[in-house]
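Please look over the sequence and the structure below before reading on. The paragraphs that follow go through the chains in turn.

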Amino acid sequence: MTQVSMTVNGKSVSGEVEGRTLLVNFLRDHLSLTGTHVGCDTGQCGACMVHVDGDAVKSCNMLALEADGTEVATIEGQANADGSLNTIQQAFQDHHGLQCGFCTPGMVMTAAALLKDNPKPTEAEIRHYLEGNICRCTGYHNIVKAIMAASGQDVNAIAAE
Amino acid sequence: MYNFEFERPTTIADAVAALGGDEAQALGGGQTLIPTLKQRLAMPGKLVSLSGIPEMKGVCVNDDGAVSIGGGTPHAVVARDAAQHYPGLAALAGQIGDPAVRNRGTIGGSLANNDPSACYPAAALGSGATIVTNTREIAADDYFQGMFTTALEEGEIITEVRFPVPEAANYQKFVQPASRFALVGVFVAKYADGVRVAVTGASEEGVFRWSAAEEALSGNFTADAIKDLTVEAGGMIGDLHGSKEYRAHLVGVMTRRAVAAAA
Ligand SMILES: Cc1cc2nc3c(=O)[nH]c(=O)nc-3n(C[C@H](O)[C@H](O)[C@H](O)COP(=O)(O)OP(=O)(O)OC[C@H]3O[C@@H](n4cnc5c(N)ncnc54)[C@H](O)[C@@H]3O)c2cc1C
């Protein structure tokens with residue numbers, strides 16, 4: 001076992017992990033942050049998306065020890081300080097960007113990474129950026145709409161499609 | 001996943017020393033290796049992470065104009081930082097997988113793995129790049145030795161890849177939609193002394209140069225110059241995603257598209 005320390009959602013945390021412990025297992029099993037989901041466990045579906053030093057990363061495809069000393073952000077840290085939903089989360093609710101909700105934490109984390117780099121993305125840019133996030137129930141239409149709305153842009157063009 | 005020891009050195013020298021032991025393996029971005037370990041297809045006793053070595057990261061331009069990329073540089077950094085120096089290469093990096101894969105996966109890992117459908121091998125072979133390791137420099141023409149096979153020795157690590165910058169270049173990728181790898185990808189680069197054409201995703205021998213097209217394009221750099229050229233279907237990959245004949249056909253189509261986009 002090896003000691004690992006990082007900052008998760010602004011709080012310093014540490015724990016003892018094995019070499020093979022994945023970042024997602026550290027978050028879920030050691031820190032009880034179960035909002036980060038394990039979907040495919042092969043790096044394809046994006047349900048486990050978190051930010052590591054600001055970059056979107058699939059936490060099922062990264063070792064916990066690789067995250068030593070980094071700043072990690074998960075879905076649990078996304079809401080506003082008063083507990084209300086942040087702009088992206090609220091837009092997902094307003095535009096029905098989720099059905100079963102399993103992929104939603106990953107979708108929200110990817111959307112946050114996109115809007116940080118590109119505050120006013122086009123619909124095509126949103127769809128391109130979501131290539132690593134798979135949704136198996138609603139399809140992507142309302143998710144794209146929600147991200148468009150969260151960026152403060154008109155969603156009518158998408159709604160009309 | 002079987003368990004393993006983990007080391008994260010901060011210099012190339014320490015990484016090479018750590019890899020000297022039995023059953024040690026390098027870890028780049030883990031985008032190929034971690035799924036492989038989960039399937040228990042590999043059983044290293046120790047993983048030596050290359051992600052904490054600053055001298056293996058980043059993009060710079062050498063005195064001779066070539067673009068140097070550290071072996072541990074993630075695809076997303078190449079897509080961003082090489083854009084101004086070698087746009088064709090940066091565009092290729094920006095098409096690998098998805099944003100999260102590009103944030104972790106590295107050029108050294110991709111070239112060491114030499115997946116027959118990977119993108120970077122086409123850029124390295126198509127640019128006549130030099131693969132620099134901890135012990136030597138290997139010309140791309142000598143480096144790729146068939147699918148998943150390279151000139152690398154046990155414990156040897158890619159520290160840098162040097163790309164001579166062409167006058168024009170373009171990569172055309174026919175995406176296999178489930179994996180996001182190339183069903184067929186073609187990298188075309190026009191240098192003062194001739195044109196290079198490298199094809200990935202198509203051949204059972206891995207990435208290869210299409211010399212007939214190179215010859216025709218070196219005289220006349222237009223899509224028209226190769227409109228009658230075809231590659232043999234024999235030796236192409238045939239699987240549920242596409243037959244040998246389909247891939248052979250795509251090689252011609254993607255090469256013409258790449259030339260049209262570059263010219
Ligand atoms: C969902 C998904 C989609 C993808 N799509 C594409 C795509 O479209 N195109 C594409 O080209 N690739 C694609 N990939 C693969 C991706 O580019 C990988 O990042 C890459 O193949 C391996 O790089 P890595 O740094 O992750 O290496 P790792 O997975 O860490 O290592 C791979 C191998 O290389 C060795 N190695 C790593 N670094 C070095 C080094 N510096 N020197 C020597 N040996 C080293 C390791 O020991 C291991 O054997 C995809 C991957 C995923 C998960």
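How many positive and negative side chains does chain B have, and how far apart do the centres of the two sets lie? Chain B carries 20 positive and 29 negative side chains, with the two centres 9 Å apart. Lys and Arg count as positive and Asp and Glu as negative, leaving out His and the chain ends; each charge is placed at NZ of Lys, CZ of Arg, CG of Asp or CD of Glu.

This is a predicted model, in which local features need pLDDT of at least 70 and side-chain atom pairs count only at pLDDT 80 or more, while totals for chains, interfaces and linings use all residues. Residues are numbered from 1 along each chain as its sequence is written, chains are lettered from A and ligands numbered from 1 in the order in which they are written, and side-chain values use heavy atoms, without hydrogens and water.

Chain B contains 10 helices and 12 strands, taken as DSSP runs (H or I of at least four residues for helices, E of at least two for strands) numbered from the N terminus. Its C-alpha trace spans about 55 × 45 × 30 Å along the principal axes. Of the 263 residues of chain B, 56% are buried, that is, under 20% relative accessible area with a 1.4 Å probe, protein chains only.

Chain A is divided into domain 1 (2-77) and domain 2 (87-150), with bounds from an automatic or database domain assignment. The C-alpha centres of these two domains of chain A lie 21 Å apart. In chain A, 17 residues of domain 1 are in contact with 14 residues of domain 2, contact meaning heavy atoms within 4.5 Å.

Conventions. Buried < 20%, exposed > 50% of the residue type's maximum accessible area, 1.4 Å probe, protein only.
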